[in-house]
Every structure is written in C-alpha cells, then in structure tokens.
Amino acid sequence: MKNIIEQYKNKIAILQNVESELVGHQICDQEKITHLKNTLQDKIENFKPKMMVYGVYNSGKSTLINALVGKEVAKTGDAPETKQVQSYKYNDFEIFDTPGVNAPEEDQKIADDYYKQCELILFVMSNENVEQTFLYEKIKKIIDDNKSAIIILNKKQNVSDEDDIKQREVIYLNLEKFGFDKEDAKEKISVYSVNALSAFKGKSENKNLLYENSGFYELENKIKDLFYSSGEKEIIQLCNKNINDFIDDVNISIDKKLDDKSIEIIENFISNTQREKEVVKHELLGIVNEKCSKLENELYDKSEGNISLLEDVIKQSIDEIKQKLENTMKEKVENLKKNIENINYTFDKLSKCGEIKFNTSNSDEDAGITDFLKNDAKKWLSGLELALIAIPHPYAKLALKCVAVLNTILSTVFSDNETESQNEENKAKQMHIINEIKNIILHIKDNFTKAITEQVNDIYNPIINSKLSEKLNTEELNAKLLDMKNRIGELNQELPTA
C-alpha cells in the first residue's frame with residue numbers, strides 16, 4: 001500500500017511540474033489539472049472506495065439517500081434540487097448526491113467530475129422511465145469504465161409483484177440492445193426494486209415491517225458487500241483510468257496544435273518569394289540593360305551629327321527607364337500582395353477546418369506585414385519613384401559636360417581641311433568620344449542597379465524575414481509541445497497494477 005501511495009504522489013509531482021505550461025499554451029485548462037490532482041490526493045489520504053447516486057432527476061435519488069442515511073439530509077421535490085454535489089456519510093463510507101443525468105449541461109459537468117472519483121455507482125430510475133434509451137447509454141459507459149454498478153428501480157407507485165418482475169426484465173432486455181449478453185448483464189449489473197420512501201419512513205419512524213416490505217434490506221446488504229469487497233483493485237483502476245483519460249485528452253490537444261503543415265506552407269512561401277525576388281531583380285535589370293544599349297547606339301549616332309540632341313536623348317532614355325521600372329514594380333508588388341493574401345487565406349481556411357492551429361509568439365510582427373499590404377504599398381512605391389527621379393539629375397549635368405566635350409572634339413574631327421597628322425589626332429578623339437559615351441552608359445547602369453537592388457530588398461526582405469520568424473516560432477512551439485507530450489507520457493509509466 002505504501003508503495004502505491006508513493007507512486008501516485010510521484011504522478012502529482014509530474015503534474016505540478018508541467019501544469020503551468022499546459023495552461024499557458026492552452027493545452028488544458030487549470031480546472032481539469034486540479035481535478036486530477038485532487039482525485040489522486042484524495043485517494044492517497046483516504047484509500048477507500050466512494051459511491052455516487054446517479055440517475056434521472058425526480059426518480060427518487062434524494063429519497064434513496066435519506067433512506068440509506070436514516071434521516072432527512074437530502075432535499076426532495078418535483079424540481080431538480082441538486083445543483084451542486086452533496087456529500088453524505090454512510091457507515092464508514094462517503095456517498096455523493098449529484099445532479100440528474102438529464103440535468104442542464106453545467107450541472108452534468110459537475111456530475112461527471114465526481115463520477116470520475118467514485119468506484120461504486122447507484123443508478124436510480126423509476127418505474128416511469130425504464131424505457132428511456134439514453135439511460136442505458138449511461139449505464140453502458142459505467143460498465144465500460146470498470147465501475148461497480150447497481151440499478152435501483154424505485155417504485156414511486158403501487159406496482160404489483162408481477163409488473164415489478166416484468167419491469168426488471170425490460171431493463172435487462174434494454175441492456176442486451178446495448179451489447180450485453182443477458183447472463184453477462186445479470187452478473188455485472190444487479191437490479192433491485194425498492195420503495196425508497198417506505199424504507200425512509202420505516203427507518204426514521206422505527207417501523208420495521210414497513211422497512212422490510214420496501215425491498216431495502218436486500219439492497220443495503222448488496223451495497224455493503226460491494227463497499228467492503230471493493231478495495232485496492234477498484235481504487236487503482238479508478239486512479240489509473242483518470243490518469244490515462246487525462247493523458248489522452250492532453251495528447252489530442254497537443255496533436256491539434258502541432259503545426260508541421262503550416263511550417264511546410266511557410267517554407268514554400270519563403271522559397272517562392274526568394275525566387276520571385278531574384279526574378280524581379282533580373283527583369284528590372286534587363287529593362288535597364290535593354291534601354292541603355294539602345295541609348296548607347298543613339299548617342300553614337302547623334303555624336304556624328306546634331307550634338308545639341310545628346311542631352312535630350314539621355315534625359316528621354318532615363319525617363320523611359322524610370323517609367324518602365326515603376327510600372328513593372330507596381331505590377332510585382334500587386335502580385336506579392338496577392339501571394340501574401342493567398343497564404344493568409346490558406347491559414348484561415350485550414351484553421352477553421354481544424355487541420356492546423358497556426359501560432360506565433362510575435363503577432364505584432366505579422367500584423368506589421370498586413371499593415372504594409374493594406375496601407376504602405378503606395379508609400380513604398382513612392383519611395384521607389386523618388387529614388388528613380390533622383391537618378392536623371394546628375395546625369396543631365398554630366399550629359400551637358402559630355403556634350404561640351406564632344407562638341408569641341410567633333411568640331412575638329414569633322415573639319416574640311418584635315419592633314420594626315422590631324423586625321424590621326426581625330427581618330428584618337430573619336431575613341432575618346434566612344435569611351436566617354438561608354439562611361440556615361442556604365443554610370444547610368446550602375447546607379448540604376450544600386451537603386452533596383454535597394455528597392456527590391458526593401459520590398460521583399462521584410463516579408464521574407466517575417467515569415468522566417470514565423471517559421472522559427474512555430475518550430476520552437478512544436479518542440480515545446482513535443483517536450484510536454486513526453487513529460488505527460490511519464491504519468492502512465494510505472495503505474496500501480498490492480
């Protein structure tokens with residue numbers, strides 16, 4: 001016995017070590033944990049079986065308790081009097097009076113909590129409700145839970161012996177409908193027909209004949225037999241069942257929160273977004289390269305003729321590049337917005353279906369991305385526009401300088417009276433013009449490349465980093481959940497055996 005008590009004390013210690021995490025991660029409410037600890041602690045302190053009076057309200061449950069105790073301790077009436085569980089002493093044992101099985105949901109929950117603490121169940125029905133199917137569902141659960149049970153048929157009206165026998169047979173026939181073999185049902189479940197009111201009057205008024213005729217004497221003997229025969233085995237069965245039921249509930253809750261599917265979705269989103277970022281950057285740089293190649297050819301053409309057009313050509317080409325980049329970026333940001341809306345929709349849909357429970361410890365960060373999509377996209381595009389607008393100015397000035405240089409050079413290159421030495425000098429000057437044009441194009445490309453890289457990073461990196469953070473948070477949460485699952489699993493290791 002001492003060893004059994006120590007084993008259950010160890011289970012209470014395990015619960016105490018993990019309960020704050022179970023509650024904090026909304027795996028299990030505090031009430032359920034406290035109930036299990038109290039049940040185990042109660043059995044440790046008082047290693048005796050307990051009995052619960054259960055059944056339909058107005059079937060005579062309170063009258064039955066009064067008859068057992070021998071005085072009026074439980075209120076009786078047509079309305080359901082028992083809202084909370086009441087405890088009474090019966091010889092050396094404890095009896096719980098609970099709300100009826102057809103009580104409101106909140107009262108039924110109270111009854112279920114005490115049901116888990118009791119090894120013996122007195123299931124009371126009256127001769128008025130022996131045909132109600134839902135009662136036999138409750139009785140089957142009692143037997144399936146390995147609890148000792150007595151069905152008490154309380155005769156509230158004058159019933160002949162013949163009708164009484166028929167009603168008891170009806171009870172066994174209904175039990176057969178729920179999977180009990182007839183003989184097996186009679187072995188596992190005793191049915192006693194009594195008149196609880198007559199038994200109470202007989203006891204309280206010392207009317208022995210009335211008590212004997214109530215059928216209560218045989219019932220009390222059976223109850224005492226069950227009490228005294230129910231010992232260590234039944235108590236261990238009850239404690240172990242409470243522990244295993246708790247473990248099952250916690251594991252189901254943890255499994256629902258384990259979020260491998262959301263990690264996969266986030267990983268795919270990150271991979272796709274990183275790939276899209278590089279594609280966008282490559283596409284934007286392609287626009288710059290294409291336009292700059294065209295500009296370079298135009299500058300070569302114009303350098304041989306109207307020099308005053310060079311500045312206009314450079315300005316016009318840069319404006320075209322800027323406009324094309326802006327239009328492309330607007331399109332890409334819209335696509336990115338749709339991608340994020342799609343992933344958020346996916347999480348919402350999966351969450352509502354119960355397939356995943358997406359959790360992140362940094363909800364503000366996720367909200368920030370949503371705000372970007374809803375409120376800041378225009379601002380970011382404006383930033384891009386300002387960055388690109390700034391590009392032409394230094395190159396307009398540079399173009400003027402280049403034009404001035406080219407004008408001086410070309411005026412001698414294309415003069416009518418050329419000497420052979422001048423021809424060589426003009427060739428050198430032509431090469432200088434070509435190099436100057438190439439330098440202009442190179443600087444334009446470099447500056448656009450820098451601006452594009454910064455803007456693409458500014459748009460895509462916060463979103464990628466946010467999703468990486470969500471992935472990390474989810475992975476950390478999963479690791480914590482698995483750790484809790486393993487620790488809770490220790491509850492059913494080395495349980496006492498009945």
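Trainee: Which residues of β1 are buried on one side, and which on the other?
Mentor: Keep in mind that this is a predicted model. For a strand, look at each face in turn. On one side of β1 you have M51, V53 and G55, and on the other M52 and Y54, all buried, so both faces are covered. Counted along the strand, five of its five residues are buried.

Trainee: What is the strand order of the sheet that β1 belongs to?
Mentor: The order is β2-β3-β1-β4-β5-β6, an open sheet of six strands with mixed pairing. At the edges sit β2 (86-90) and β6 (189-194), each pairing on one side only. From one strand to the next, the twist averages 25°.

Trainee: In what sense do β1 and β3 pair, and over how many bridges?
Mentor: For pairing, check direction, then bridges. β1 and β3 pair in the parallel sense over three bridges, with M51 partnered by I95 of β3. On to β4: β1 runs parallel to that strand too, joined by five bridges, and Y54 has F123 of β4 as its bridge partner. The antiparallel case is β2 with β3 (residues 93-97), over five bridges. There, Y90 has F93 of β3 as its bridge partner.

Trainee: Which strands does helix α3 touch?
Mentor: For a helix on a sheet, list the strands under it and then take an angle. Helix α3 (residues 61-69) packs on the sheet and touches β1 (51-55), β2, β3, β4 (120-126) and β5 (148-154). Its direction makes about 150° with that of β1. Helix α5 (residues 133-144) lies across β1, β4, β5 and β6, and runs at about 165° to β4.

Trainee: And how are two packed helices described?
Mentor: By the angle between their axes and the distance between the axes. The crossing is left-handed.

Trainee: Which residues make that contact between α2 and α11?
Mentor: From α2 you get K32, I33, L36, T39, L40 and K43; from α11, I235, L238, C239, N242, I243, F246 and D249. Sort them by type and you find eight nonpolar, two polar and three charged.

Notes
Residues numbered from 1 in each chain as written. Predicted model: local features only at pLDDT ≥ 70, side-chain atom pairs only at ≥ 80, totals over all residues. Heavy atoms only, no water. Left-handed = near helix turned anticlockwise from the far one by under 90°. Helix = DSSP H or I, 4+ residues; strand = E, 2+ residues; numbered from the N terminus. Contact = heavy atoms within 4.5 Å. Nonpolar A, V, L, I, M, F, W, Y, C, P; charged D, E, K, R; others polar. Pairing = 2+ DSSP bridges. Axes fitted to C-alpha atoms, helices over the stretch in contact; angles between N-to-C directions. Buried < 20%, exposed > 50% of the residue type's maximum accessible area, 1.4 Å probe, protein only.
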